[in-house]
Amino acid sequence: MANLDRIGVVLVILVSTCLAQKGKLDNIPGLDFSVCDVTHNISLSPLPSLAPDFSTVLEWKIINKNLTVSVHEYKSKIEMKNSIIVTKEGITTRVLFDNFVEQYAIIKQELSGAYTCKTYQRNSELTLIDNEIWYVTTSELFKTIQTSHVHFVGTTVIRGIDVNHYNSCMFVYSYNMTIKVDLYLAEKGWKSPFAPPDAVIPVRIEIRGTVNLQNPFHVIGDYLDYKPSPLIDQTMLQQPPGVYCHGYGPLAQSRRVSSSFSAVLEKIDLDFKKISYETIYFDAERQRIRRDHKSADGTDSDTFSEYYDFKTGILYTVDTYIGVCTLSTLQKGVRYVAEQSNSAIPNSLSMVNAAEVFHLNTNLIQYIGKRLTRGVYCQVWCGLYLDQETGSNNTVEWYFTEAAWVEASGNSLIAGALIRMDVWKGTDNKPTSYHIHNMDSSIPPLSTFDLSACFTSEKKTHFIIKFQILGNKKYKDISESFLLNTIHEELSTDSFIDPVRITNIQIEPINNRSFVFVGTLLDQAPIINPYIIPPVYNRISLDASLDFLHGMIDGTWKKNVTGKTGEGILIVGNEIVELSYRQELATTTTMSTQRPTFLVPTLPHLTNTSGGPPSPGSVKPSPTPAPPSTGPASTSKASPTLKPTPKPTPKPTPKPPARPVTKPRVTPSSAPPTPCSCPTATCPTVTPASTPAPVKCPTVLCPKVTPAPAQTAAPVKCPTVTCPTPPHQARSSPRIQTSSASPATAANNQQASQQSPKSSGGVSGGAAAGIAIIMLVVGLGIGFLVTRLYHVRNIQGLLQRKPNDYDDDGNF
């Protein structure tokens with residue numbers, strides 16, 4: 001007998017029933033009466049039918065070979081498919097039966113894990129595979145037995161179960177085989193844990209027979225775990241994942257994806273245990289692709305953005321972390337590049353289509369069935385495609401959601417969306433799985449392709465265009481994203497500028513009737529690829545492109561856009577401004593700063609080894625400025641150091657005796673002039689840059705006035721004395737107030753100080769303010785007396801005070 005698996009022959013089984021008349025059986029040549037013992041007067045009984053959907057485990061015992069074979073069997077009436085999975089001596093064979101096209105496929109998995117698949121056509125109800133009776137499905141056996149004369153033998157017990165015994169005798173012409181079948185079904189009412197009470201439950205099937213009146217065989221099959229219910233997981237009715245069976249199943253049209261799309265691909269590499277993500281923006285209309293990715297192999301932790309510009313034939317690779325851009329030409333072997341074989345230009349290149357991205361551009365494709373992935377029921381297809389890099393055929397499976405499932409992403413709603421793709425490369429046993437998220441079938445916006453990082457400041461210019469909304473429409477009546485894309489596209493088209501050269505775009509509303517369009521204009525592509533099709537045209541320089549924009553906008557550029565409710569809205573661009581940050585920031589504008597009343601430098605103290613007062617050249621930080629020193633200049637030089645204001649330290653009693661002093665409140669912006677009496681002196685300013693030699697101011701003596709006993713003397717106006725001014729910047733010094741002044745006197749003093757702009761105050765502001773407050777308290781009479789005594793005795797000592805003499809509030 002020929003091996004059916006080797007020669008691919010489908011056996012036709014003709015069934016002959018054991019007739020009641022023995023004479024008719026004598027006319028069947030080759031019938032083995034030792035197997036098929038014809039018994040007269042046995043009542044005929046129809047065989048009960050099995051459930052339309054079931055799954056079971058059939059354990060076959062081959063008596064004369066001392067062999068046990070385990071067979072898992074599945075049947076689905078809705079899918080019109082059956083399958084048996086046979087495991088024998090470590091080798092697993094899956095046999096798939098497609099009842100719709102009358103085909104079956106034999107898939108064998110070797111010990112190495114590799115699969116082989118062969119497809120055959122069915123022409124009969126019963127098919128023997130490899131001449132082994134246990135490869136026959138239960139549904140086929142029952143259907144064949146039902147067409148013969150079935151005899152009810154009686155009841156018996158099998159494996160402790162009360163069963164009904166049926167038998168039938170048949171002759172198979174194609175095999176010259178005589179077989180006798182004994183079938184044992186559980187009695188009605190016998191309850192099974194997985195079946196309803198009225199279900200037909202097979203318990204055992206026993207087959208005896210001979211081939212060519214010899215080679216007897218005897219097999220017994222016990223049904224275990226019989227479940228008469230529809231299959232939830234239909235993968236057992238399908239070929240294993242990654243197995244393509246050529247010619248099996250009905251002809252299937254390849255599923256299609258949108259010509260332009262954007263999606264996030266979660267890449268799971270089962271061999272190397274890596275998970276990475278890719279975001280793809282595929283614009284077939286403008287011939288551009290953007291791919292954002294990050295490597296999972298540890299070679300680089302940065303995220304990269306790749307811009308494939310097939311209009312210029314340039315690949316821009318941007319390290320988004322450090323902002324470095326690398327340029328290269330597109331050529332054969334680069335991702336997303338397809339060779340255009342029918343072109344007249346040698347080695348010409350073109351962009352792949354969306355079907356090629358997902359390997360759907362193949363004729364070797366077949367429908368697999370339904371599978372559950374990510375909790376979604378999907379229609380699964382399987383196909384082969386040629387890998388151009390390795391030259392091998394790779395297997396790919398696509399998962400499309402069922403029509404009832406709708407994916408909402410971006411601006412699109414997709415029924416039957418592609419959500420998963422598995423790729424087996426070469427002989428790999430594990431696939432690389434791509435879980436596809438956020439599949440958007442709309443064209444990616446122009447702002448997606450931002451190449452500004454690849455152009456220096458000299459190769460780009462920023463601009464602002466002001467637009468007015470005409471009619472009675474307002475800014476809120478237009479979709480902002482739609483308006484942004486429309487202006488971007490129309491502006492590029494009318495100015496003959498490639499849209500990718502206008503980037504960093506945004507819209508800022510000014511009011512309800514106007515807005516500005518902000519963008520960056522890039523220079524032309526820095527390199528040229530001669531093998532791109534069609535050839536690059538309209539290479540316009542940056543300056544010429546700016547002239548085009550100015551020509552359009554200056555000529556009142558008008559466009560009709562569609563509002564949110566579908567009505568047309570007219571906008572007009574009437575003003576354009578160029579911004580060059582490099583040139584703008586190169587010109588430094590000096591800001592005028594108001595000079596404060598007191599400019600107090602902060603200088604460190606100099607170490608005094610003699611234990612005496614510090615050198616006159618050193619200045620101690622203080623809340624109020626100190627008068628300039630008249631002592632010898634110090635030759636030490638020290639760098640200015642900012643220190644916190646120190647607390648007052650104990651000091652000897654100065655001469656003349658110190659008086660309570662209230663410091664004047666002076667603001668740097670606009671301090672009102674302080675009225676003063678004689679004398680007024682201006683001293684040099686000490687700056688942090690250098691400490692000039694002190695200049696000694698002259699001593700001024702005012703005329704002596706003797707107060708009358710019964711009247712108040714008129715105030716005496718003292719002259720203003722100006723000290724020599726050193727070459728450095730002058731600073732203001734406080735004035736000394738020696739007597740109380742009437743409003744008239746104060747006005748005169750203020751006028752005098754205004755007429756002498758170079759004079760900026762007296763010697764000690766704290767002492768003058770303190771004396772003024774005391775004079776106001778004790779009255780005009782006592783004030784004249786104190787003033788007289790003060791001028792006679794102590795005015796000279798006060799003007800020549802040493803740096804270590806302190807007021808009682810801690811000021812110099």
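Student: Which elements do the buried residues of α6 pack against?

Tutor: They pack against β27, α5 (480-494), β29, β30 and β31. Contact here means heavy atoms within 4.5 Å. The model is predicted, so local features need pLDDT of at least 70 and side-chain atom pairs count only at pLDDT 80 or more, while totals for chains, interfaces and linings use all residues. Residues are numbered from 1 along each chain as its sequence is written, and side-chain values use heavy atoms, with hydrogens and water left out.

Student: Which residues of α6 are buried?

Tutor: Leu542, Ser545, Leu546, Leu549, Met552 and Ile553. Buried means under 20% relative accessible area, exposed means over 50%, and partly exposed lies in between (1.4 Å probe, protein chains only).

Student: How do you know that the buried residues line one face of the helix?

Tutor: Look down the axis of α6: they fall within an arc of 125 degrees, so they line one face. That arc is taken over the directions from the helix axis to the C-beta atoms. The face turned away from the buried side carries the exposed residues Asp543, Asp547 and Asp554.

Student: How do you know that the span of α6 agrees with its number of residues?

Tutor: The expected span is 1.5 Å times one less than the number of residues. For the 13 residues of α6 this comes to 18 Å, and the end C-alpha atoms are 18 Å apart, so the two agree.

Student: How does α6 (542-554) lie relative to the strands?

Tutor: It lies across β27 (460-469), β29 (514-522), β30 and β31, and runs at about 135 degrees to β31. Axes are lines fitted to C-alpha atoms, for helices over the stretch in contact, and angles run from 0 to 180 degrees between N-to-C directions.

Student: Why are β28 and β30 said to stand at the edges?

Tutor: The open sheet has five strands in the order β28-β29-β27-β31-β30, with antiparallel pairing. β28 (502-511) and β30 (557-562) each have a single partner strand, so one side of each is left without a neighbour in the sheet. The twist from one strand to the next averages 30 degrees.

Student: What makes β30 and β31 a pair?

Tutor: Two strands pair if DSSP finds at least two bridges between them. Six bridges join β30 to β31 (residues 568-579), so the pair qualifies, and the strands run antiparallel. Asparagine 560 stands opposite leucine 570, and threonine 562 stands opposite glycine 568. The two strands form a hairpin with five residues between them, and glycine 566 in the turn has a positive phi of about 95 degrees.

Student: What is the strand order in the sheet of eleven strands?

Tutor: β17-β16-β15-β14-β13-β12-β26-β25-β22-β21-β20, an open sheet with antiparallel pairing. β17 (324-329) and β20 (365-373) stand at the edges. Seven bridges join β12 (residues 261-269) to β26 (residues 432-440). Glutamate 266 stands opposite histidine 435 in β26.

Student: Why does phenylalanine 261 count as buried?

Tutor: Its relative accessibility is 1%, so it counts as buried. Phenylalanine 261 belongs to β12. Its contacts beyond four places in sequence include Tyr281, Phe358 and Met439.

Student: What makes aspartate 222 count as buried?

Tutor: Its relative accessibility is 6%, so aspartate 222 counts as buried. It sits in strand β11 (residues 214-227). Its side chain makes a polar contact with the side chain of lysine 61, at 2.5 Å.

How values were computed: Helix = DSSP H or I, 4+ residues; strand = E, 2+ residues; numbered from the N terminus. Polar contact = N/O pair within 3.5 Å; in protein donor to acceptor, adjacent residues only side chain to side chain.
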